[in-house]
Amino acid sequence: MKRMIRLGLCGAAIAAATLFALFLSFRPAQAASEGTCGNNLQCVIAFGNARIQERVTALNTLIARVQANQYLTDSQRDAIQTDARTNINGLQTLKTKLDGETNIANARTDVHNIYAQFRIFAVVLPRDYHEVWLDHMTNLHDQFVSGEPTINQAIQAAANKGINVTQEQQQYNDLVAKVGDAGTQLTSAQGLIPSLIPANFPGTNQTLATLRGDLKQAHTDLAAAAKDLNDITQELKAAGA
Amino acid sequence: MKKAGDRLMTTPVQRVSMQMKPQRHPLFASVVTVAAIGAMILLGGCGNRSIQTTQNNANQPGSSQTSHQGSSTSQSSSSATQSLDNLNNSINGSVNAMGNDQSNANTSASQSQEGEQQP
């Protein structure tokens with residue numbers, strides 16, 4: 001009996017020692033990413049600079065994508081790029097301040113301000129990327145609206161040629177309705193953009209969710225309208241219009 | 001009996017008529033030349049406008065009643081379909097590219113929940 005108790009205690013001790021060893025082996029990895037600088041000023045500065053660089057890189061990626069986006073107008077591109085560059089300049093100013101800190105409390109405040117003042121990942125980039133999507137869809141919506149007479153004219157010309165256009169007329173009516181609904185969603189989305197600023201965080205999360213809902217619906221509507229247009233085009237061409 | 005006014009109307013006309021006769025030849029030639037050129041310009045202009053009007057009408061529904069206009073409708077129908085095809089191609093390209101913008105927006109939204117880190 002005593003032998004069994006002794007064996008049990010030994011097993012428990014071995015298990016506890018193993019768990020403790022595992023805990024120690026994982027702890028340094030966690031500390032490397034957050035919360036281990038203690039009173040080491042250079043460690044805090046290096047941490048802050050790494051966070052700043054992540055954000056500058058992400059903003060430069062945004063700028064490159066906006067520049068390459070041929071479905072935006074020049075003014076739309078300029079607005080988003082200007083916003084991104086303003087944030088990059090602000091972050092670089094903060095980096096200069098952080099690099100010059102001699103007091104660890106001030107350095108920690110600078111690091112805090114990377115989040116509190118800029119909210120690059122939480123607010124700025126989601127807002128700007130959704131604005132790109134919004135601008136693109138607004139331009140597409142306008143292209144649909146200005147193209148509606150062209151679509152209608154092609155249907156009427158086919159009808160005058162003796163082609164039965166009943167189906168195409170229904171598709172056209174659906175297209176007009178979908179484009180109209182997309183316009184409503186886009187107007188709503190446009191109204192949400194100005195409130196997506198760092199000062200409104202974390203309320204911006206709900207605003208962003210609403211914005212995404214509007215844009216998804218507009219996207220679905222415009223895709224459906226594009227399908228209607230494609231169907232009308234292929235059908236009229238097949239009918240010899 | 002003639003009134004004074006009757007005389008005044010008759011006599012000057014006769015006088016002018018008689019006086020104009022010898023001076024009429026050079027002026028008349030110039031006027032006729034200018035008028036002829038003007039008429040040619042006007043006729044030419046009217047002809048162009050007439051063709052233009054016919055072409056525009058041919059793009060409107062219900063404009064084909066004769067065989068000639070039927071030909072115009074055939075042309076306008078093809079033209080309208082071509083315009084439709086161009087619009088369709090342009091919009092298709094934009095809709096396809098819209099997917100990239102949606103993807104980038106989705107990625108940015110998925111990163112928006114990142115919490116604040118402190119060293």
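Guide: What follows is a set of questions about labels and the values behind them. This is a predicted model, in which local features need pLDDT of at least 70, side-chain atom pairs count only at pLDDT 80 or more, and totals for chains, interfaces and linings use all residues. Residues are numbered from 1 along each chain as its sequence is written, chains are lettered from A and ligands numbered from 1 in the order in which they are written, and side-chain values use heavy atoms, with hydrogens and water left out.

Visitor: Why are A:Cys37 and A:Cys43 called a disulfide?

Guide: Their sulfur atoms lie 1.9 Å apart, and a disulfide is defined as a pair of cysteine sulfur atoms within 2.5 Å, so A:Cys37 and A:Cys43 qualify. In general, such a link is a covalent bond between the sulfur atoms of two cysteines. A search of the whole structure finds one disulfide over all chains.

Visitor: What is the handedness of the disulfide of A:Cys37 and A:Cys43, and why?

Guide: The torsion about the S-S bond is about -65°, and the disulfide is therefore left-handed.

Visitor: Why do A:Cys37 and A:Cys43 carry the labels they do for accessibility?

Guide: Buried means under 20% relative accessible area, exposed over 50%, and partly exposed in between (1.4 Å probe, protein chains only). A:Cys37, at 8%, is therefore buried, whereas A:Cys43, at 25%, is partly exposed.

Visitor: How do you know that A:Arg77 and A:Asp74 form a salt bridge?

Guide: A salt bridge requires a side-chain nitrogen of Lys or Arg within 4 Å of a carboxyl oxygen of Asp or Glu, and the closest N and O atoms of A:Arg77 and A:Asp74 are 2.9 Å apart, so the pair meets the definition. Because these residues are three apart in helix H3 (residues 74-99) of chain A, about one helical turn separates them. A:Arg77 counts as buried at 15% relative accessibility, while A:Asp74, with 54%, is exposed.

Visitor: What makes the pair A:Asp83 and A:Arg127 a link between distant parts of the chain?

Guide: The two form a salt bridge, with 2.7 Å between the closest N and O atoms. A:Asp83 sits in helix H3 and A:Arg127 in helix H5 of chain A, 44 residues apart. A:Asp83, at 22% relative accessibility, is partly exposed, and A:Arg127, at 8%, is buried.

Visitor: How do you know that chain A and chain B touch?

Guide: Contact means heavy atoms within 4.5 Å, and 54 residues from chain A and 40 residues from chain B take part. The two chains bury about 4000 Å² between them, 59% of it on carbon and sulfur atoms, where buried area is the accessible area (1.4 Å probe) that two parts lose on being put together, summed over both.

Visitor: Why is B:Asp85 with A:Lys237 called a salt bridge?

Guide: Their closest N and O atoms are 3.2 Å apart, which falls inside the limit for a salt bridge, so the name applies. The count between chain A and chain B is one salt bridge.

Note on methods
Helix = DSSP H or I, 4+ residues; strand = E, 2+ residues; numbered from the N terminus.
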